[in-house]
Amino acid sequence: MNRFLHTLYPLAFAAGLAGIAGAALAASRHHPVALAMSLLIAAFFVLGALELRAFRRASRELGAALDASPSEHWLAAVPAPLRAAVQQRLEGLRVALPGLALAPALAGLLVLLGMLGTFIGLVITLGGTAQAVSATADLAALRLALGAPVQGLGLAFSASVAGVTASAMLGLMVALARRERAAVAGQLDAALLGPLRVLTAAHRRALEQQAAEAQVPRRDAHGLHGAGRQRGRDAAHCADRQRPPGRRGHPTRRRGGHGRHCPRGRGPARARGHPGG
């Protein structure tokens, strides 16, 4: 199916050029207005074809980049017209790939140009017919005088033939190019869930979260070990303070004052009254 569509695109382009060329050749000798409109239609048809060519090239380059293995500089391989949209897709934003700007509008404009050329030709032809009828009363001379305007009337519709043919073929080319872009967009969506996931912002956030969760148990273990050592030093200091003065060890220097965490005990009871009688 894809091979058939790839073959159909150049056939549509050739058919559009052939229809415009045939209409221009028919009008080249007898109707300059139709010839001018046919040439104008050809110019807009080629303009639309050039935009479609760049559009399809970008789609093919993006498809080739998706087939390659992802790396740190993978985004540089994406074509410039699609790079910003692909970057936003990697950041997690759901944005569509850029579409066609001019070719769809030109497909409708070509028909209007063909109709305009036909109407101008009709006006000129009817004016010549009126002059021929008023110039002579002889039937034979009238037939000869009407020959050229009637022939011009047939050639005036050549502009419409060129416009309709070019519009139909350009519309078919637009549909084929959009189909290719939709296929590449689907391939991009699949790659974002597969090979390109390592380049997405969601993957980077997941790695940062895993690193943060791995550091939490280490901090808790270090804090519990330090708290245990501090409680041991406090217990030894309090035990030393409760010993008699002659049996105490060396004084321990502690930040925040001595005996802050030691329980307060009752000292030796003092005898009431004065000593001695």
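In which hand does α3 pass α6? In this predicted model, numbered from 1 along each chain as its sequence is written, local features need pLDDT of at least 70, side-chain atom pairs count only at pLDDT 80 or more, and totals for chains, interfaces and linings use all residues. Side-chain values use heavy atoms, with hydrogens and water left out.

The crossing of α3 past α6 is right-handed (the near helix is turned clockwise from the far one by less than a right angle). Helices are DSSP runs of H or I of at least four residues, numbered from the N terminus. Helix α3 spans residues 80-90 and helix α6 residues 158-192; their axes lie 11 Å apart at an angle of about 35 degrees. Axes are lines fitted to C-alpha atoms over the stretch in contact, and angles run from 0 to 180 degrees between N-to-C directions. Leu82, Val86, Arg89 and Leu90 of α3 meet Arg181, Leu188, Asp189 and Leu192 of α6, contact being heavy atoms within 4.5 Å. This contact comprises five nonpolar, no polar and three charged residues (nonpolar: Ala, Val, Leu, Ile, Met, Phe, Trp, Tyr, Cys and Pro; charged: Asp, Glu, Lys and Arg; polar: the others, Gly among them).

Helix α6 also packs with α2, at an angle of about 10 degrees and with axes 10 Å apart. The two helices, α2 and α6, are therefore roughly parallel to each other (angles under 35 degrees). The residues of the α2 contact with α6 are 21 nonpolar, seven polar and five charged.

Technical notes
Angles under 35 degrees count as roughly parallel, over 145 as roughly antiparallel, 65 to 115 as roughly perpendicular and the rest as oblique.
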